[in-house]
Amino acid sequence: MDYGHDLLFGTFISPANRPAGAPVELAALADRAGLDLATFQDHPYQPGFHDTWTLMSYIAARTERISLTANVLNLPLRQPVVVARAAASLDLLTGGRVELGLGAGAFWDAIEAAGGRRLSPAQSVVALAEAIDVIRGVWDAQRAGGVRVEGDFYRVVGAKRGPAPAHDIGIWLGAYKPRMLHLTGHVADGWLPSLAYLPGGPTDLAASNAQVDEGAKAAGRDPRAVRRLLNIAGRFSSSSNGFLDGPPDQWVEELAGLTLEYGISGFILGTDDPAMVERYAYEIAPAVREMVQAERSDSGRPPKSPSPVRPVDTTPPGSTVFATTPTPDDGARRSGATLWDESTRPVGPPAPEGHVYSPRAQAVGHHLVDVHDNLRQELANVRDVIGQVIQGTLAVGDARSMINMMTLRQNDWTLGAYCASYCRVVTQHHALEDAQIFPHLRRSDADLAPVIDRLEAEHLVIHEVLEGVDTALVRIIGRSGQPDDLTELQEAVDVLTDTLLSHLSYEEREILEPLARHGFFPGQI
């Protein structure tokens, strides 16, 4: 069922605080590219993340048109009256660019460790409903008298109302279970699940939509009043390998299908890859809007006006000096393994004399460093997890508080899941390069072929190293009675550290400048 809303396209950005400015630059890029939303997860107990509200406020001052929301805000650690005033204030300061994604709570060990109250699933739904009453009461600045909510979990006895936000802020709920879906239809302005959390994939949307609709009807509301949004993830490739894993035209058809069949009108792409953000904004979003509008017109429904997509930056040329410095390899090695001979690495051709780099070209060239910095930080996080487990008498229980702060459970499966997740991130990054970026650079500059050949060969080596990490993890998981022996895993991660850091530095040295001339894909520069 198509609920008829205008389409929104956004990005789901990791709020990692190292490097501190990385999420800010990604949000600014999404703003320049014409996306509608920049969203951020909220885990106040996670020391590796910026505080989400602080980050959003800073980004609001660095952007011009993009709307901002938590995806979703951790309500158990945020007082509803304060949330209401913070949202209204930022909405006023930005001229109406704030929405409010709310969650009932998850990771209760970490919430409790940070001073929050542990709630059962049923209690958390009741608490969320009470909080929404409080928030809407604060925003209703024209109503006489103070805000009064006598709830089981939130009690507000005459709080002053206001300020009113600049626009009607939408309250979007991250919901999956029947109680939450019913509440979404009953009181919310939007439903915001993640496709990855739907066991049956897109087909699960139909049953969940029906539950949201039932909640709306029970409250006397039109189900079309509830916007349906979706967090998505995917990969661009030359052939179809699955849902949202294929060429751009496949993405366009599949996203348009989600709108026309299941009513999804907001697509929020989870990625920290600047090239993917741009490609999503420039290639996918406009084409999906066009396809949906055409289908709506053919079916007799009045087409909605598409949200404007701003053109590519056409800033005049700026400098003959490429300003980004590749990250140097400090030469430090943690393992005795030698998996390749660095002295045989090819060197690419020099930059054309007198070539002028526009500000946009400079930014495109720098994007690879941003992506690599995220990989380096994630690698540091993996090493930190292992190091702290070893430091604390080699028992998993001794690392409990630290693991809690990382939003992970306190056992070997947790450590394995975290490391395995990182391995997938690296693999996906390399797959994107091998399938799209490298072929584009080969076509653009034949003299880069030896460098690209070597980079692809090193990707295969790193893949084998990642397999070694996986093997070590499997053995740890199998030794449930002896969870303290992490020597093999430590050695495997040391090899991964040596090979990956060396590879990233070599890659930046050789292709940063070519990327500034040719882009990550045709037509980017």
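Student: What makes the crossing of helix 1 and helix 2 right-handed?

Tutor: Good place to start! In this predicted model, the crossing of helix 1 and helix 2 is right-handed because the near helix is turned clockwise from the far one by less than a right angle.

Student: Which residues make the contact?

Tutor: Helix 1 brings P23, V24, E25 and A27, while helix 2 brings L55, Y58, I59 and R62. By class, 6 of these residues are nonpolar, none is polar and 2 are charged.

Student: Why does P359 count as partly exposed?

Tutor: Set its value against the cut-offs. Buried means under 20% relative accessible area and exposed means over 50%. P359 has 40% relative accessibility, so P359 counts as partly exposed. You will find P359 in helix 10 (residues 359-391).

Student: How far apart are P359 and S319 in space?

Tutor: Their C-alpha atoms are 8.1 Å apart, although 40 residues separate them in sequence.

Student: Which residues have the most contacts inside the largest nonpolar core?

Tutor: They are L100, L255 and Y280, in a core of 87 residues. Apart from that core lies another, of 21 residues, with Y357, A361, F438 and L512 among them.

Methods. Residues numbered from 1 in each chain as written. Predicted model: local features only at pLDDT ≥ 70, side-chain atom pairs only at ≥ 80, totals over all residues. Heavy atoms only, no water. Core = buried A, V, L, I, M, F, W, Y, C linked by side-chain atoms within 4.5 Å. Buried < 20%, exposed > 50% of the residue type's maximum accessible area, 1.4 Å probe, protein only. Helix = DSSP H or I, 4+ residues; strand = E, 2+ residues; numbered from the N terminus. Contact = heavy atoms within 4.5 Å. Nonpolar A, V, L, I, M, F, W, Y, C, P; charged D, E, K, R; others polar.
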